[in-house]
Amino acid sequence: MNLFKKLIPPVSTSSLLAVPVRYDDDTFGILVCVSMGAYRFSDDDKHLVTALSSFGASSIQNARLYSKVFTVEEGLRRSERLTALGLLSAEVAHEIRNPLTVLKLLCDTLSHGLTQDDPRTEDIEVMREKIQHMEGVVSRVLGMSKAQSGAFKSIDMRQAVENAVLLLRLKFQQAGVLVRTDVAECLPFIEGNPGQIQQVFLNLLLNAVQAMPTGGSLKIKVTPEKGQTGEVIAIYISDTGLGVPEEIKNKIFESFFTSREDGTGLGLAIVKRILRDHRGDIVLESTSRTGTTFKIWFPLPAK
Ligand SMILES: Nc1ncnc2c1ncn2[C@@H]1O[C@H](COP(=O)(O)OP(=O)(O)OP(=O)(O)O)[C@@H](O)[C@H]1O
Ligand SMILES: [Mg+2]
């Protein structure tokens, strides 16, 4: 009531109509109508003010949802960068491990025929120690990237696809891209890491949008299929973009290969790595100047 006193000018005779501004169980505020003089609010007035408050509540709710989408998008970008960093460290670690094995073998060969009091024996011992230290670091990095992919859960592919499309809907709108999904009924769940699977979709959908600079259409088809090693869930992502030029077709899955000025070239490499961690894979199913289809698949869990 104190708030009302502040908001409403003191008039000797005034009538007041107050309606809560609420959406579901959330009350955002109160819409107050004041008449400067005695007035009896009619039923029509009450309906009008109630309708206004409900429009207001919907607008506030929409604004809140919009800002939430942006926060979630920002969070996703951050986690994508972290995954890229993780992938990079795992690749660097992997590439360092092989030469280290060679160095260790060479140390053994070098020490042959040297006597204990030969000063080179001590040098070789120091080299061996340092190599062991580096091996420890490399194993820890590789171990960490394995632990991250360990958190597998049951995943509903329909939900995963819908979530990815929902997250990028503003991007599609901006780019003039029309999205169609065709998901088979009664799909069995797969086993996977939800965050990583979301990254797979985001990378592929963003690539598709980037391939359609003047807009176009994007189709996502999800269907069970018989794969080479058993039943799989296959997902076809087709765009009506510029296509992948013949000369780069066999490079696109390599880390750091990009044809875009602002690209890092890690998107498809990450996708491939994630899918292989899930015992699935990705292929460039078809491409021409009128569009591209990527096919990815996940195996069904053993019964
Ligand atoms: N849907 C597509 N249509 C045409 N070309 C594509 C498509 N998807 C990927 N490519 C090609 O493959 C390259 C590699 O894609 P990738 O996602 O790995 O990296 P990027 O998109 O260039 O950069 P980043 O994803 O790291 O920002 C792209 O630069 C592009 O040339
Ligand atoms: Mg990309």
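Me: Before we start, what counts as buried?
Reply: A residue is buried if 20 or more other C-beta atoms lie within 10 Å of its own, with C-beta atoms placed from the backbone. Keep in mind that this is a predicted model.

Me: OK, how many of the 303 residues count as buried?
Reply: 17% of the 303 residues in the protein.

Me: And what is the radius of gyration?
Reply: The protein has 30 Å. A compact globule of 303 residues would be near 19 Å.

Me: What does the C-alpha trace span?
Reply: About 110 × 50 × 45 Å along the principal axes of the protein.

Me: Which domains are there?
Reply: The domain assignment gives domain 1 as 1-148 and domain 2 as 153-299. Their C-alpha centres lie 23 Å apart.

Me: How many residues are in contact between domain 1 and domain 2?
Reply: 10 residues of domain 1 contact 11 residues of domain 2. On the domain 1 side, the touching residues are 5 nonpolar, 2 polar and 3 charged.

Me: Switching to secondary structure. How many helices and strands?
Reply: The protein has 7 helices and 9 strands.

Me: Where's the largest nonpolar core, in terms of residues?
Reply: That core has 35 residues. Phe201, Leu204 and Leu205 have the most contacts inside it.

Me: Which elements give two or more residues to this core?
Reply: The helices are α4 (157-167), α6 and α7. The strands are β6 (216-227), β7 (230-239) and β9 (291-299). α6 gives the most, with 8 residues.

Me: What does Leu204 touch?
Reply: Leu204 touches Ile237, Val271 and Phe294, leaving out residues up to four places away in sequence.

Me: How much of the contact total comes from residues 24 or more positions apart?
Reply: They account for 69% of the protein's contacts with a separation of 6 or more.

Me: Now ligand 1. Which residues come nearest?
Reply: Asn207, Ala211, Thr258, Gly263 and Gly267, out of 23 residues around ligand 1.

Me: Which helices supply at least two residues of that shell?
Reply: α6 (194-210) and α7 (267-277) each do.

Me: How does the ligand 1 shell divide by residue type?
Reply: Into 10 nonpolar, 11 polar and 2 charged residues.

Terms used:
Residues numbered from 1 in each chain as written. Chains lettered and ligands numbered in written order. Predicted model: local features only at pLDDT ≥ 70, side-chain atom pairs only at ≥ 80, totals over all residues. Domains from an automatic or database assignment. Contact = placed C-beta atoms within 7 Å. Nonpolar A, V, L, I, M, F, W, Y, C, P; charged D, E, K, R; others polar. Near = placed C-beta within 6 Å. Helix = DSSP H or I, 4+ residues; strand = E, 2+ residues; numbered from the N terminus. Rg over C-alpha atoms; globule rule 2.2 N^0.38 Å. Buried ≥ 20, exposed ≤ 12 C-beta atoms within 10 Å, placed from the backbone. Core = buried A, V, L, I, M, F, W, Y, C linked by C-beta atoms within 7 Å.
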